[in-house]
Amino acid sequence: MNRCTPCSHQQRQQQISVWDKLQHYGGVFLDMTKPEQQYKAAQAVCNFLNSANAPSIEELTTSGLISAMLQCLIRTRCAVLQLQLLSALYVISSLTEDHRLLVRQAGPVPQLVAMLNSEESQVCEMVMRLLCRIIKDNPSECDAMCTIGGTAPLLAKMLSPSVKAALNVIQKLSLGSQYCVNVLFEHNIIFFIKSLLLQEGVDADIHVQALMLLCYMIQGGNQGQMRKILESNILPLLIGVLRSDSPDVRRVAAGTIYELLVETDPKLESSRENVLQILSILCDYVRLEELWVFNIIYDILMFFKGSAVELIYTFNDSDSLRKIQEMTTNSNQQVSLLAAHIVHFCHSNQIISF
C-alpha cells in the first residue's frame, strides 16, 4: 500500500505540472504586449504536444489553452505569430479525432474565414489546412462557412499558388449539404474548375483534384445546375484532358466524363459525336492494359444501348472495336476477360461481326 503512495503522488504532481504549464501558455497568449513571448509559447505548445508528457484531452479542455490561442489569433496583426498559432492549432487537431473535435468545438470557423482575406499567402494556406480538418464530416460547419462568406475567397484561391489547399476545402463543401452546393454554383464554381483544367504545366494532382470536384458537383447538382454545367461547354475540354500524359488524370477524367454523359440527351447528334470521339480516345489506351479503360468503355456502351443503337453500329465500323478484340488474347487474364465482355456485348446487340 505504502509503495503505491509515492507513485500516485508523483502522478498527481506531474498532472499539476502539465496543467500549470498549459495555463501559463494561455496567460502568455492573452497578454498582447509581448508578441515575441507569444510566438515562443506557440512553438513550445507544438513541442509539448509531440513530447512524451503530452497533455490529455481533459487537461487541454480545463486549461482553456485553445480558447486563449484563438483570442490571440484574432487580436494579433503579426503574420509570423498568426502562422505559428495556426500551426499549433493544426497540430492539436491532427493528434486524434477527439483533439480535432476539441478544436472544432472552440468555434474557430468565423475567425478562420475572416483570415482567408489575409495578404500573407502562407497564413491563408495554413488557414485552409486547418479549416479542412475542422469541417470534415460536418455539414453544419460547411453551411456556416458558406453563410459567413467563405466561398468567394476560397474559389479565388483556386487560381493562386495555394490551389491544393483550396481544393481540399472546397471538395469538403461540395460533399456537404445541398445548400453548400447551391452556394458554390451561385459563385460560378464551374468557371474556376475550367480555368484550372485549362492551365498547362501544373501538377497532375491539381488536375485530378479539379476533376474530382467537378464530379462531385455533377452528382450533387439539381436539374437547373446540370444545365449550367452542360451549357458551359466543358465536355470538349474534358475530352482534351482525357489525352493527358498522366494515367491518374486520364482515369479520373474518364470517370467524370461518364458522370456528365449520363446527364446528356443521348439522342442528340452532338452527344453521339462526342461519345464516339471519347470511345476512340479510350480505345487508344487499351494496349496499356489499364482495367479502368475497359470498364468505362463497357459502361458507356451499356448506357447508350437502348437510346442510340446507331452509335454502337458506328463504333463497330470504326477501328476501335478491332483494338479491343486484339486484347481478348492478352496474357493478363483480367484484361482479356474485360475485352471479351465488350466484344460479347457488341455481338449480343446484333452488331455486324468482325
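Analyst: Let's start at I324. Leaving aside its neighbours within four places in sequence, I324 is in contact (heavy atoms within 4.5 Å) with C283, V286, I297, F315, A339, I342 and V343. Before we go further, a word on the source: this is a predicted model, where local features need pLDDT of at least 70 and side-chain atom pairs count only at pLDDT 80 or more, while totals for chains, interfaces and linings use all residues. Residues are numbered from 1 along each chain as its sequence is written, and side-chain values use heavy atoms, with hydrogens and water left out.

I324 also belongs to the largest nonpolar core, which has 118 residues. A nonpolar core is a set of buried Ala, Val, Leu, Ile, Met, Phe, Trp, Tyr and Cys residues joined through side-chain atoms within 4.5 Å. Here buried means under 20% relative accessible area, exposed means over 50%, and partly exposed lies in between (1.4 Å probe, protein chains only). The residues with the most contacts inside this core are F29, M158, L282, I297 and I324.

Helices (H or I, at least four residues) and strands (E, at least two) are DSSP runs, numbered from the N terminus. Two packed helices are described by the angle between their axes and the distance between the axes. Helix α19 (residues 291-304) and helix α22 (residues 333-348) pack at about 15 degrees, with axes 9 Å apart. Axes are lines fitted to C-alpha atoms, for helices over the stretch in contact, and angles run from 0 to 180 degrees between N-to-C directions. That makes α19 roughly parallel to α22; angles under 35 degrees count as roughly parallel, over 145 as roughly antiparallel, 65 to 115 as roughly perpendicular and the rest as oblique.

On the α19 side, the contact is made by L291, F294, N295, I297, Y298, L301 and M302. From α22 come Q334, V335, L338, A339, H341, I342 and F345. By class, this contact of α19 with α22 has 11 nonpolar, three polar and no charged residues. Ala, Val, Leu, Ile, Met, Phe, Trp, Tyr, Cys and Pro count as nonpolar, Asp, Glu, Lys and Arg as charged, and the others, Gly among them, as polar.

Most residues other than glycine have a negative phi. E289 has a positive phi of about 60 degrees although it is not a glycine, and E289 is partly exposed, with a relative accessible area of 33%. D137, in the loop between α8 (121-134) and α9, has a positive phi too, of about 55 degrees. D137 is exposed, at 66% relative accessible area.

Elsewhere, helix α2 (residues 35-49) and helix α5 (residues 79-95) cross at roughly 20 degrees, and their axes come within 9 Å. α2 and α5 are therefore roughly parallel to each other. The residues of their contact divide into 13 nonpolar, four polar and no charged.

Finally, the whole protein: its secondary structure comes to 22 helices and zero strands. Buried residues make up 48% of the 354 residues. Of the contacts with a separation of 6 or more, 70% are between residues 24 or more positions apart.
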